[in-house]
Amino acid sequence: MSMNSKMAKMPQQQSDASSTRRLARRLPLVGAAAAGSVLLLAGPASAHVSVQPSGPAAKGGYATVNFKVPNEKDDASTVKLEVTLPTDHPLASVMPQPVPGWKISVTKAKLPKPIEMEGEKITEAPSKITWTADGKGVEPGQFQQFPLSVGQLPKDTDQVVFKALQTYDNKEVVRWIEPTKEGAPEPENPAPVLKLGAPEEDGHGAAGASDKSGATTGMKATAATSAASGSDTTARVLGAVGIVVGVIGVGFGVFAGRRRSV
């Protein structure tokens, strides 16, 4: 190769080297931004206090439900959860499952109109359940589930609306009490809503006997829900990692293509 050809090729090599260095500096930033986008999009969907059944929640039956309480703060822990039970559809049977590190109290109130449950006339029913932390509570970046066995669920509605107050150790209280209206945007602090399914033939739901005892079903429900939550978190992390790896692969592919063209 002549001296002129070598000199002509040097600027091109220097330009390619400079481009490679710029690409190497940008890849971590692009990867981090991509991963952050996934986590940010996933975060708000799980930030609300919510209620979900561990199995079928049939009209007129019994069910075990879990109140999921994520910590939205970076500098405070959740130390109390108060759930107000509906008065328009009172739940005569409410049994909380013990949660390690939390004290539980059940408040009852007289019903404006007595209801019948399995042949008995009920004049009062639980109106509020309060969980108070013994220790640190729900710390930043964590969530806690609070299981309840409830029944009988109403027969004349498709959902049961609860109201919840979440208290932090800095004395801040978040009121999850706003109703969600069909066709309207979700409110800032929506109240937890339990969706009800079609009634079962035995009138107790698919797991009526276990739910009435409040023990076996509650333990299985907590394990199943925890496993589902873990799988959901794992999927989100793997998704973020996949995006980062993809961005890096594209970057090195561009670099390799330039090297081959030199």
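1. Two strands are taken as paired if DSSP finds at least two bridges between them. Helices (H or I, at least four residues) and strands (E, at least two) are DSSP runs, numbered from the N terminus. On this basis strand β9 (residues 163–168) pairs with β10 in the antiparallel sense over four bridges. Within this pair, Leu-165 stands opposite Arg-175 in β10.

2. The basis of the note is as follows. The model is predicted, and local features need pLDDT of at least 70, side-chain atom pairs count only at pLDDT 80 or more, and totals for chains, interfaces and linings use all residues. Residues are numbered from 1 along each chain as its sequence is written, and side-chain values use heavy atoms, with hydrogens and water left out.

3. The hairpin of β9 and β10 has four residues between the strands, and there Lys-171 takes a positive phi near 80 degrees. In a regular strand the side chains alternate between the two faces of the sheet. Strand β10 (residues 173–176) has Val-174 and Trp-176 on a covered face, while Val-173 and Arg-175 form the uncovered one.

4. An open sheet is formed by four strands in the order β1-β2-β7-β4, with antiparallel pairing. The edges are held by β1 (50–53) and β4 (93–96), each with a single partner strand, so one side of each is left without a neighbour in the sheet. From one strand to the next the twist averages 30 degrees; axes are lines fitted to C-alpha atoms, for helices over the stretch in contact, and angles run from 0 to 180 degrees between N-to-C directions.

5. Pro-96 stands opposite Leu-148 in β7.

6. Which residues have the most contacts inside the largest nonpolar core? They are Phe-67, Trp-131, Phe-162 and Leu-194, in a core of 32 residues. Such a core is a set of buried Ala, Val, Leu, Ile, Met, Phe, Trp, Tyr and Cys residues joined through side-chain atoms within 4.5 Å; buried means under 20% relative accessible area, exposed over 50%, and partly exposed in between (1.4 Å probe, protein chains only). At least two residues of this core come from each of β2, β3, β6, β7, β9 and β10, and β2 gives the most, with four residues.

7. Leaving aside neighbours within four places in sequence, Phe-162 is in contact (heavy atoms within 4.5 Å) with residues including Val-51, Phe-67, Val-83, Leu-91, Trp-176 and Leu-194. A second, separate core of five residues includes Leu-111, Met-117, Ile-122 and Ala-125.

8. The count of salt bridges comes to four, a salt bridge being a side-chain nitrogen of Lys or Arg within 4 Å of a carboxyl oxygen of Asp or Glu. One of them joins Asp-158 to Lys-59, with the closest N and O atoms 2.6 Å apart. Asp-158 lies in the loop between β7 and β8 (159–161) and Lys-59 in the loop between β1 and β2 (63–70), so the pair ties together parts that are 99 residues apart in sequence. Lys-59 is buried, with a relative accessible area of 17%.

9. Glu-172 and Lys-73 also meet through their side chains in a salt bridge (2.9 Å, N to O). This pair links distant parts of the chain, 99 residues apart: Glu-172 is in the loop between β9 and β10, and Lys-73 in the loop between β2 and β3 (78–84). Glu-172 counts as partly exposed at 31% relative accessibility, as does Lys-73 at 22%.

10. Asn-71 is placed in the loop between β2 and β3 and counts as buried at 10% relative accessibility. The side chain of Asn-71 reaches the backbone oxygen of Ala-76 at 2.9 Å. Beyond neighbours within four places in sequence, the contacts of Asn-71 include Val-138, Pro-140, Gln-142, Gln-166 and Tyr-168.

11. Is Asp-156 buried or exposed? Asp-156, found in the loop between β7 and β8, is exposed, with a relative accessible area of 64%. A polar contact of 3.3 Å joins the side chains of Asp-156 and His-89; the term denotes a pair of N or O atoms within 3.5 Å, where, within protein, one must be able to donate a hydrogen and the other to accept it, and residues adjacent in sequence count only if both atoms are side-chain atoms. The C-alpha atoms of Asp-156 and Gly-60 are separated by 8.6 Å, although the two residues are 96 residues apart along the chain.
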